[in-house]
Amino acid sequence: MKKLLRSLAMAFSMYSILPAPRVEWKAENMRYAFCFFPLIGVVIGAAEFGWLWLCRLFGVGPGLTAAVATAIPVLLSGGIHLDGFCDTSDALASHAPAERKLEIMKDPHIGAFGVMACVLCLLLTFGLWTQYRFHPRTAGMLALGFVLSRSLSGLTVVSMRCAKPGGLAALFSENAAKGRVRALLAVLALLCAAAMLALSPSAGAAGLLAALVVLLHYRWLAYRCFGGITGDLAGYFLTVCEAAILAAAVLFEGVLL
């Protein structure tokens, strides 16, 4: 039980700004950390649902609704996934060999292409939220999307080849209890998928299809351009996956069967 609690604390301290006890950075505390990664998605999804519900209740305008909805995942995650998205965008824009791309991602400074990608990503997310009209079922489906994206992201870290030894993804992957973590995350992903379909068959199916397309693209991109995954690439995947699910919900929000 103590090992699980330490893994829980490590997951929340690493991937969110939520308060968590400080634990020692060692292998045994990483064994089940990714099992708790989707719980951060539960918190973010609940915050998004609550904000959207309050905006509907008090008649908050679409601009403010969209601005806060865009900010919630970034703020609660500490921006760690968006940072990975920016670093990956810089690396991809370089058109350099895989080794050089990995060096660019490791650089703590953000480049021009990373800034442009970040602005465009946030702008697109804001625009999508302005078009969203609250409905409890689609809002619930979107909330589950934050759990699904983290389940899939964690699953790839313990299943796919890492691009380099010693990186953050490799460190968590090497020290994870891979069989158990993989099984739990796969079950969570399937439960999320079933719940999303139950809440809104059309929007849920569109969201799941979008997530699957992003997942396949992520695997192709990671292996072809980098030789495997990294922590930054995992953040890139999570950011794009959540934007794709939101886009699908906006397109199909009026079709509730």
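**Figure 1. Packing of helices α11 and α12 in the predicted model**. Helix α11 covers residues 201–226, and helix α12 covers residues 231–252. Their axes lie 8 Å apart. The packing angle is about 155°. Angles over 145 degrees count as roughly antiparallel, and α11 and α12 are therefore roughly antiparallel to each other. The contact of α11 with α12 involves 20 nonpolar residues and three polar ones. No charged residue takes part in this contact. The crossing of α11 past α12 is right-handed.

**Figure 2. Helix α5 against helix α11**. Helix α5 spans residues 80–94. The axes of α5 and α11 are 12 Å apart, and the helices pack at about 50°. The two helices are therefore oblique to each other. Here the crossing is left-handed.

**Figure 3. Helix α8, residues 136–157**. Helix α8 has 22 residues. From first C-alpha to last, α8 reaches 32 Å. That is close to the 32 Å expected at 1.5 Å a residue. Most of α8 is covered, with 19 of its 22 residues buried. F146 sits in this helix. F146 counts as buried because its relative accessibility is 7%, and the cut-off for buried is under 20%. P73 is 73 residues away from F146 along the chain. The C-alpha atoms of F146 and P73 are 8.7 Å apart.

**Figure 4. The salt bridge between R150 and E242**. The closest N and O atoms of this pair are 2.6 Å apart. The bridge links distant parts of the chain. R150 belongs to helix α8, and E242 belongs to helix α12. The two residues are 92 residues apart. Both R150 and E242 are buried. The model's salt-bridge count comes to two.

**Figure 5. The salt bridge between R100 and E103**. The side chains of R100 and E103 meet with an N to O distance of 3.2 Å. Both residues lie in helix α6, residues 98–106. They are three residues apart, so about one helical turn separates them. R100 has a relative accessible area of 42% and is partly exposed. E103 is also partly exposed, at 47%.

**Figure 6. L246 in helix α12**. L246 has a relative accessible area of 5%, so this residue is buried. G179 lies 67 residues from L246 in sequence. In space, L246 and G179 are 31 Å apart, C-alpha to C-alpha.

**Figure 7. L171 in helix α9**. Helix α9 runs over residues 168–175. L171 is partly exposed, with a relative accessible area of 27%. L171 and S77 are 94 residues apart along the chain. Their C-alpha atoms are separated by 20 Å.

Definitions and conventions
Residues numbered from 1 in each chain as written. Predicted model: local features only at pLDDT ≥ 70, side-chain atom pairs only at ≥ 80, totals over all residues. Heavy atoms only, no water. Axes fitted to C-alpha atoms, helices over the stretch in contact; angles between N-to-C directions. Helix = DSSP H or I, 4+ residues; strand = E, 2+ residues; numbered from the N terminus. Parallel < 35°, antiparallel > 145°, perpendicular 65-115°, else oblique. Left-handed = near helix turned anticlockwise from the far one by under 90°. Nonpolar A, V, L, I, M, F, W, Y, C, P; charged D, E, K, R; others polar. Expected span 1.5 Å × (residues − 1). Buried < 20%, exposed > 50% of the residue type's maximum accessible area, 1.4 Å probe, protein only. Salt bridge = Lys/Arg side-chain N within 4 Å of Asp/Glu carboxyl O.
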